[in-house]
Amino acid sequence: KFPPFQETTLSNGLKVLVVENHQLPVVSIRIAMPAGSKYDPAGQEGLADLTADVLTKGTATRTADQIAATIEGVGASLNAGAGPDFFNVGTTVLTDHADLAFSLMGDVILNPLFPDGEVALARTRELSSLRLAASDPGSLAAEFFAAGVYGHHPYGRRTTQATMGALTRQSVQDFWQTHLRPGGSLLVVSGDI
């Protein structure tokens with residue numbers, strides 16, 4: 001049985017869902033934005049993933065190290081990731097640190113800097129992963145299956161060495177500016193809140 005929840009839509013289009021559960025002193029905060037890999041422009045496959053990789057690596061007020069030290073200092077982590085349809089950012093913290101979690105999430109979503117060094121490092125990691133995947137039969141099968149089923153639809157496209165290698169900090173900045181917006185997004189807060 002799904003627990004009771006409260007739902008509202010803010011004036012900026014962000015839908016907010018609150019699910020109260022006071023059994024444990026823990027709060028989970030997740031935001032899902034319609035900005036997954038299907039929104040990667042043709043020839044820039046891998047852009048949503050790269051953006052997710054560097055979203056938490058520095059803001060106008062905090063460095064990557066400060067963000068990591070702050071969230072890890074309260075025994076939590078702050079994660080960003082991109083699936084085919086949605087771009088997600090989330091954390092789970094003790095109730096006492098909920099304000100900190102909201103502050104950090106808001107900062108990385110609204111004020112990311114995407115430092116050149118962090119973008120280059122993330123791109124290098126992704127290129128290494130692609131080289132490894134090219135030797136994995138399961139990865140190759142999934143790639144050919146998706147291309148066969150979806151064809152030229154964004155679900156059928158895959159990140160390649162060429163598309164990942166061509167991505168820049170400006171590409172990431174443009175993707176963030178265009179797609180990581182409150183309208184159509186869902187913020188779910190659950191737990192002891």
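Trainee: Where is the place of Ser185?

Mentor: Ser185 sits in the loop between H7 and S6; helices (H or I, at least four residues) and strands (E, at least two) are DSSP runs, numbered from the N terminus. Before we go on, this is a predicted model, where local features need pLDDT of at least 70 and side-chain atom pairs count only at pLDDT 80 or more, while totals for chains, interfaces and linings use all residues. Residues are numbered from 1 along each chain as its sequence is written, and side-chain values use heavy atoms, with hydrogens and water left out.

Trainee: Thanks! Is Ser185 buried or exposed?

Mentor: Ser185 is buried, with a relative accessible area of 2%. Buried means under 20% relative accessible area, exposed over 50%, and partly exposed in between (1.4 Å probe, protein chains only).

Trainee: And what does the side chain of Ser185 reach?

Mentor: The backbone oxygen of Arg181, at 2.7 Å. Leaving aside neighbours within four places in sequence, Ser185 is also in contact (heavy atoms within 4.5 Å) with Gly13, Leu14, Lys15, Ile31, Ala32, Met33 and Pro34.

Trainee: New topic: how many residues does the largest nonpolar core have?

Mentor: That core has 39 residues, and Ile31, Leu55, Leu78, Phe87 and Val89 have the most contacts inside it. A nonpolar core here is a set of buried Ala, Val, Leu, Ile, Met, Phe, Trp, Tyr and Cys residues joined through side-chain atoms within 4.5 Å. Its largest share, six residues, comes from H3.

Trainee: What does Leu55 touch?

Mentor: Not counting residues up to four places away in sequence, its partners include Phe87, Val89, Phe114, Trp176 and Leu180.

Trainee: Where does Phe114 lie?

Mentor: Phe114 is in the loop between H3 and H4, and is buried with a relative accessible area of 0%. Its phi is near 50°, a positive value in a residue other than glycine.

Trainee: Which helix holds Thr51?

Mentor: Thr51 lies in helix H1. Thr51 is buried, with a relative accessible area of 0%. Beyond residues up to four places away in sequence, Thr51 touches Phe87, Phe114, Val172, Phe175 and Leu180.

Trainee: Last one: how do the residues lining the largest pocket divide?

Mentor: Into 11 nonpolar, eight polar and nine charged. Ala, Val, Leu, Ile, Met, Phe, Trp, Tyr, Cys and Pro count as nonpolar, Asp, Glu, Lys and Arg as charged, and the others, Gly among them, as polar.

Note on methods. A polar contact is a pair of N or O atoms within 3.5 Å; within protein, one must be able to donate a hydrogen and the other to accept it, and residues adjacent in sequence count only if both atoms are side-chain atoms.
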